[in-house]
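This report goes through a protein structure piece by piece, from a helix to a ligand site and then to some loops. Please keep the structure in view while reading.

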Amino acid sequence: MTDLYNNKLSSTYDNMYQGFIDYTLEYNFYAGICSRYRSSTILEIACGTGNLAKPFSQNFKSYTGLDVSDSMLDIAKKRYPMGTFIKGDMRSFKSTTLYDSILITGRSTSYLISDADLLNTFGVITNALETSGVFIFDFIDADRFAPFVDKNKYVTHKSEYNEKQYFRKSEWVNKKVTNINLIHWKADYYQIKQGKNVFIGNDTSTFRCFSKIEIGQLLSKKGFKILELIDRKTYAFDTYVAVCKKL
Ligand SMILES: C[S@@+](CC[C@H](N)C(=O)[O-])C[C@H]1O[C@@H](n2cnc3c(N)ncnc32)[C@H](O)[C@@H]1O
């Protein structure tokens, strides 16, 4: 996986993404779906630095955040010390609790790069979800994003948070393997200080984007049915949010 979620870069991630994503809007969006399906116990997988932990914990009966990265969880625990956070890999985590809603936000499904990764994760979620519960996750839409990557080899994203300015310069290539869209990505991170670009670090990763059809097929292999597919533009990626239930 990418270095972005470890050590020094995790705090850069945290600062930079506060500028990319409005977490109040993010919370309202996901909390709205959970409420519509009358959920009261929430598991957020790939919770990152815990930006949704406080409002979910305060407005729902329970909230648990799970992430594989110690560095991201350390920031989450500092952000909301009263929160419940656990370390785990979404592909193999064994839950002893059942939840009404299980969320994967922030396009973290992109790190599930093989069909086996995705099927294992869906299996973990089946076991952790109440019979009438909902599984809500977002994914990058390959039908729009892959052609964008083919046309734009370099992209810059700027961010401002707490009076600090950052930018990320990304270089990416779409390497389609059979019918799977894998994006090889290299990103350089900078902070702008007194008009100068100060290099912070870089990371490389491979991530996956999905067509609606392949997501539907993989979900049905694990006994999930899509109830809603919501088209949601985000700061850099054309994204769908799927709301699913067990058959
Ligand atoms: C783009 S960040 C999103 C974080 C958060 N959801 C947000 O929107 O700010 C992706 C997160 O996925 C986590 N992650 C990646 N692979 C994972 C895995 N196999 N199991 C659990 N977490 C994972 C990373 O550690 C990171 O915190």
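Helix H1 is mostly covered in this predicted model: 10 of its 14 residues are buried. The helix runs over residues 7-20 and reaches 20 Å from its first C-alpha to its last, close to the 20 Å expected at 1.5 Å a residue. Its buried residues are Leu9, Ser10, Thr12, Tyr13, Asp14, Asn15, Met16, Tyr17, Gln18 and Phe20. An α-helix has 3.6 residues a turn, so residues three or four places apart point the same way.

What covers the buried residues of H1? The cover includes two helices, H2 (23-36) and H4 (70-79). It also includes the strands E6 (154-161), E7 (164-177), E8 (180-193) and E9 (196-209).

Helix H4 has buried residues as well: Ser71, Met72, Leu73, Ile75 and Ala76. Their cover includes H1, strand E2 (62-67) and strand E3 (84-87). At the start of H4, a side-chain oxygen of Ser69 comes to within 3.3 Å of the backbone nitrogen of Ser71.

**The ligand**

Which residues come nearest to the ligand? Of the 20 residues around the ligand, these are Tyr13, Tyr23, Ala46, Asp67 and Met90. Tyr13 is also one of the buried residues of H1. By type, the shell around the ligand divides into 10 nonpolar, six polar and four charged residues.

| Residue | Ligand atom | Distance |
|---|---|---|
| Tyr23 | oxygen | 2.6 Å |
| Asp67 | oxygen | 2.6 Å |
| Thr105 | nitrogen | 3.0 Å |

Taken alone, the ligand exposes 600 Å², and the protein buries 96% of that.

**Two buried loop residues**

Asp141 is found in the loop between strand E5 (129-140) and helix H6 (142-151). Is Asp141 buried or exposed? Asp141 has a relative accessible area of 2%, so it counts as buried. Its side chain is joined to that of Arg144 by a polar contact of 2.6 Å. Not counting residues up to four places away in sequence, Asp141 touches Ala146, Phe210, Asp238, Thr239 and Tyr240.

Ser211 is found in the loop between E9 and helix H7 (212-221). Its relative accessibility is 16%, and because the limit for a buried residue is under 20%, Ser211 counts as buried. Leaving aside neighbours within four places in sequence, Ser211 is in contact with Phe139, Ala142 and Asp143. Ser211 and Phe145 are 66 residues apart in sequence, while their C-alpha atoms are 9.9 Å apart in space.

Most residues other than glycine have a negative phi. Asn162, which is not a glycine, has a positive phi of about 50°. Glu163 likewise has a positive phi, near 65°, in a residue other than glycine. Asn162 is found in the loop between E6 and E7, and Glu163 lies in that loop too.

Are these residues buried or exposed? Asn162 has a relative accessible area of 59%, so it is exposed. Glu163, with a relative accessible area of 80%, is exposed as well.

Definitions and conventions
Residues are numbered from 1 along each chain as its sequence is written. This is a predicted model: local features need pLDDT of at least 70, side-chain atom pairs count only at pLDDT 80 or more; totals for chains, interfaces and linings use all residues. Side-chain values use heavy atoms; hydrogens and water are left out. Helices (H or I, at least four residues) and strands (E, at least two) are DSSP runs, numbered from the N terminus. The expected span of a helix is 1.5 Å times one less than its number of residues. Buried means under 20% relative accessible area, exposed over 50%, partly exposed in between (1.4 Å probe, protein chains only). Contact means heavy atoms within 4.5 Å. A residue is near a molecule or strand if one of its heavy atoms lies within 4 Å of it. A polar contact is a pair of N or O atoms within 3.5 Å; within protein, one must be able to donate a hydrogen and the other to accept it, and residues adjacent in sequence count only if both atoms are side-chain atoms. Accessible areas come from the Shrake-Rupley method with a 1.4 Å probe; for residues, only the protein chains shown count as cover. Ala, Val, Leu, Ile, Met, Phe, Trp, Tyr, Cys and Pro count as nonpolar, Asp, Glu, Lys and Arg as charged, and the others, Gly among them, as polar.
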